[in-house]
Amino acid sequence: MPLPSIDIELSSPQSVGGRPAAYQSLWLLVRLHHAQRIGEVVAVDALRGQVSSARTLRMVVSRAFRDFKAWGLRVGWGPDAARDPRFLNAEGRSQGPFWLPAAEARRLRLRVDGQAARPADVAAFLGLSASPRRARTSAAEAQASAVQLQDARFWHQLAAAQQAMRQGRWAAPVQGRRDAKAPTSALAAMRQAADLAQDDYQRALVTLNEALLWRRLGDDAQARKRLAALQRQRLARQVASHDYLGAMAAIVGAWCSYTARDLPQAQAQLAAMTRDAQQAPLLRHHPQVRFEWSNLWALACRSRALGLATTDAATAALQADEAMQHFGRALAAAFESHAFDAAQHVAANMGMAVWLFDRVGLGVQAAAQARGAQARRHAVQWIAFSEWLCSLADGQGRSAWNAIYLMRIARGDCQPRPGLPLAEFAALRPLTPRALAEESAEDRLAPGLDGPAMRGGWAGVAAQHLADHDAGQRRYPGLQLAGLLFEQAWFAAHGRDLGTAAAALARLRAVLPQLVASDRAYFRDVWNDALPAELLALEPPPRRAVRRAAMG
């Protein structure tokens with residue numbers, strides 16, 4: 001049964017339903033009604049300077065919600081405007097943001113001197129401009145759009161932290177470099193930047209970068225904590241670059257879901273951005289946001305295609321093509337912003353996608369319907385291109401994925417049966433680094449595949465990456481570290497070096513608990529299926545998982 005309408009008189013003396021109303025409570029109610037009409041929520045910061053100071057804000061909010069209840073209105077708070085206000089926890093209510101359900105907004109009848117209020121009347125009552133759709137003209141909001149320029153120390157420290165991130169100096173010092181006197185790590189530099197932050201925007205920017213840093217380190221729990229902190233900061237105040245911060249936070253959140261192998265949740269989070277009035281324009285016009293979104297969407301499509309390949313080939317093929325299209329968009333966005341670090345990531349992802357799709361019988365339009373050796377050549381070209389882009393920055397920021405991808409491709413045609421004797425295993429013929437480089441037939445990309453590390457064979461490549469990790473020159477997250485250890489074990493066993501192989505597997509066993517269940521299942525399966533009997537006798541495999549999962 002519809003609830004009765006409520007008459008609200010805006011001219012003095014103000015009233016609700018014919019009864020006198022406190023100005024602060026009425027102002028917030030009318031502001032909520034205005035925000036509901038234009039599809040927004042009301043941040044706490046909107047009240048400061050209009051109806052309250054920071055010192056009295058909590059009291060004003062508490063009084064307003066008592067009045068809302070007396071007026072028979074249900075008003076909500078918190079980040080989820082779809083919730084039923086009856087079931088919200090009042091703890092933390094004063095932090096906002098606030099919102100008015102549509103059904104409640106339709107009950108309000110705003111009047112001035114007894115006549116229906118015009119938009120200009122409402123704007124005048126609220127102290128807002130009458131014409132713009134998004135009213136952001138309060139003194140507090142105008143101040144929020146300003147960027148602190150009084151002191152360069154914060155920006156210097158933030159730049160140092162971001163440079164350390166690009167160079168792979170995540171949380172440990174880089175040994176033996178000329179810049180050893182620079183901040184020891186991105187994490188330490190970011191904390192120094194936080195200490196120097198002078199306004200809400202700078203603090204929010206640090207929090208976002210911390211979330212990005214923890215995600216790159218593979219610690220999704222810490223990344224989610226920083227995202228929650230950023231959400232609280234953004235709800236409390238309207239800061240400069242508010243929409244950008246929200247879009248990047250949404251992408252980091254989607255990355256955390258993807259890393260946990262919750263593909264539906266990751267894609268739902270990304271899809272929600274396309275429907276958001278503030279974030280959707282950034283997907284069209286901001287190259288960094290467009291790159292991050294397209295690259296992650298492509299990875300999710302790649303995973304879905306691989307998962308459906310054996311059960312629904314038609315849908316898998318569509319997903320594979322969609323993945324390649326979005327990889328292409330991500331690559332274009334990276335070059336639009338001259339972000340070679342971003343470009344090298346998407347090039348590697350694209351190359352591995354071509355090879356993985358070919359392995360499960362999915363030809364993709366972007367690979368010109370290549371098959372077998374041609375698909376491998378196409379894949380290696382992209383990965384070599386990624387390595388070449390890394391070499392432009394003297395290898396700074398290089399992950400282990402290119403090496404892992406190349407080693408997987410090199411042994412891709414070797415399909416040993418489970419428990420194969422070592423003599424037969426050693427007789428398998430994986431492609432050498434030189435063979436892959438020659439097969440790619442791209443001389444200008446040779447620096448990516450013909451460096452000193454490659455000349456020692458694949459076991460040497462894995463050993464060098466692991467040595468860099470152990471010495472603190474790189475820090476590889478758990479999944480990359482596990483990939484390197486398995487490839488070292490495989491190629492060392494192929495070279496009959498069972499001691500090195502067994503040591504790598506023992507170390508891999510210790511890393512497995514850090515991984516999500518599907519990634520642990522992948523390593524347990526290949527451990528059982530792809531290694532020689534003599535090595536398994538030295539280092540027995542973990543208990544086989546119930547289902548197989550594909551890494552990548």
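This note goes through the predicted model point by point, from the whole chain down to single residues.

1. Basis. The model is predicted, so local features need pLDDT of at least 70 and side-chain atom pairs count only at pLDDT 80 or more, while totals for chains, interfaces and linings use all residues. Residues are numbered from 1 along each chain as its sequence is written, and side-chain values use heavy atoms, with hydrogens and water left out.

2. Whole chain. The protein chain has 25 helices and seven strands; these are DSSP runs numbered from the N terminus, helices being H or I of at least four residues and strands E of at least two. Of its 552 residues, 53% count as buried. Buried means under 20% relative accessible area, exposed over 50%, and partly exposed in between, with a 1.4 Å probe and protein chains only. Among contacts (heavy atoms within 4.5 Å) with a separation of 6 or more, 67% are between residues 24 or more positions apart.

3. Five strands form an open sheet in the order 3-2-1-6-7, with mixed pairing; two strands pair if DSSP finds at least two bridges between them. Strand 3 (19–20) and strand 7 (115–116) are at the edges with a single partner strand each, so one side of each has no neighbour in the sheet. Strand 6 (residues 108–112) and strand 7 run antiparallel and are joined by two bridges. In this pair, valine 112 is opposite glutamine 115 of strand 7.

4. Helix 1 on the sheet. Helix 1 (residues 23–37) packs on the sheet and touches strand 1 (6–9), strand 2 (15–16) and strand 6. The directions of helix 1 and strand 6 make about 115 degrees; axes are lines fitted to C-alpha atoms, for helices over the stretch in contact, and angles run from 0 to 180 degrees between N-to-C directions.

5. Helix 2. The 14 residues of helix 2 (residues 57–70) should span 20 Å at 1.5 Å a residue, and the end C-alpha atoms are 20 Å apart, which agrees. The expected span is 1.5 Å times one less than the number of residues. Leu57, Val60, Val61, Ala64, Phe65, Asp67 and Phe68 are buried. Seen down the axis, the buried residues of helix 2 fall within an arc of 160 degrees, so they line one face; the arc is that of the directions from the helix axis to the C-beta atoms. They pack against helix 1, strand 4 (76–77) and strand 5 (98–99). The face turned away from this buried side carries the exposed residues Arg58, Met59, Arg66 and Lys69. Glycine 72, with a positive phi near 80 degrees, follows helix 2.

6. Backbone points to check by eye. Most residues other than glycine have a negative phi, and most peptide bonds are trans. Serine 12 and proline 13 are joined by a cis peptide bond, with omega about 0 degrees; proline 13 is in the loop between strand 1 and strand 2. Arginine 261 has a positive phi near 65 degrees, in the loop between helix 10 (242–259) and helix 11 (263–275). Histidine 338 has a positive phi near 55 degrees, in the loop between helix 14 (313–336) and helix 15 (340–359). Arginine 261 is partly exposed at 26% relative accessible area, whereas histidine 338 is exposed at 66%.

7. Cysteines. A search of the whole structure finds zero disulfides, a disulfide being a pair of cysteine sulfur atoms within 2.5 Å. Cysteine 256 is buried at 1% relative accessibility, and cysteine 414 is buried with a relative accessible area of 8%.
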